[in-house]
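Try each task before reading its solution.

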Amino acid sequence: MLVWLGSCTEQKTHTAPAVHDRDSASMMTSYGVNTLISDSGVIKYRMVTERWDVNTVKNPPRWTFEKGIFMEQFDEQFHIEGYIQADTAWYYDQQKLWELRGRVHIRNLNGLVFRSEELYWDGIKHEFYSHKFSRVITPERTLEGTYFRSDEHMTHYEVSNSEGSFQAADMTGEQETAPNDQQPAADTAKVEVPVRKAATRHRAMQKTNLQP
């Protein structure tokens with residue numbers, strides 16, 4: 001009898017370990033999001049995503065889009081200027097920095113198409129940049145390189161360590177007539193596109209045809 005009573009007093013309660021990682025939980029999770037985003041009272045973007053997580057405890061705080069994201073950009077007349085999409089994205093709201101990963105794809109009103117597996121969008125400096133292989137395609141040329149930097153409108157951009165194909169009209173004077181073995185090998189290509197003129201030329205054709 002004493003042995004039996006002693007064995008009953010040795011029972012233990014099985015409990016799971018305490019959860020200490022408070023930053024692993026999002027304070028807000030939204031599904032099937034289709035919303036407009038304004039800046040200084042002016043609507044600038046439309047954001048579409050399957051899942052949107054907001055976490056203010058992680059360091060740094062961030063928005064997470066694990067199921068991908070699609071954004072359209074508008075001008076002051078609410079006309080579509082371009083779009084950007086990616087398989088995964090993070091937005092660090094305190095730094096105003098977007099980190100886009102996966103199949104990153106951008107198209108603007110001038111017909112420029114950008115593709116890469118990585119892209120950062122700095123909202124303070126108002127620029128895009130990438131340290132991975134990127135491809136820039138325009139109606140006139142195609143550029144490829146391992147470093148990319150551009151303004152937010154993709155009208156002034158730089159591709160470093162680049163390879164590309166150009167039309168003859170893009171080459172100037174001596175470059176057109178020089179033999180192939182005398183052509184300089186450029187590691188960096190800088191392109192500046194006239195903003196107003198190009199936008200006027202392409203607006204009628206492109207604003208209704210911007211499809212991902």
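**Exercise 1.** Find the bridge partner of Met 47 in β4, and then work out how β4 is placed among its neighbours.

*Solution.* Step 1: Met 47 has Met 71 of β4 as its bridge partner. This is a predicted model, in which local features need pLDDT of at least 70, side-chain atom pairs count only at pLDDT 80 or more, and totals for chains, interfaces and linings use all residues. Numbering starts from 1 along each chain as its sequence is written, and side-chain values use heavy atoms, without hydrogens and water.

Step 1: strand β2 (residues 42-55) runs antiparallel to β4, joined by 4 bridges; strands (E, at least two residues) are DSSP runs numbered from the N terminus, and two of them pair if DSSP finds at least two bridges between them.

Step 2: β4 also pairs with strand β5 (residues 80-86), in the antiparallel sense over 6 bridges. Here Glu 72 stands opposite Tyr 83.

**Exercise 2.** Are the two faces of β4 covered or open?

*Solution.* Step 1: in a regular strand, side chains alternate between the two faces of the sheet.

Step 1: on one side Ile 69, Met 71 and Gln 73 are buried, and on the other Phe 70, Glu 72 and Phe 74 are too, so both faces are covered. Buried means under 20% relative accessible area (Shrake-Rupley method, 1.4 Å probe, only the protein chains shown counting as cover).

Step 2: because 6 of the 6 residues of β4 (residues 69-74) are buried, this strand is largely enclosed by the rest of the structure.

Technical notes: Buried means under 20% relative accessible area, exposed over 50%, partly exposed in between (1.4 Å probe, protein chains only).
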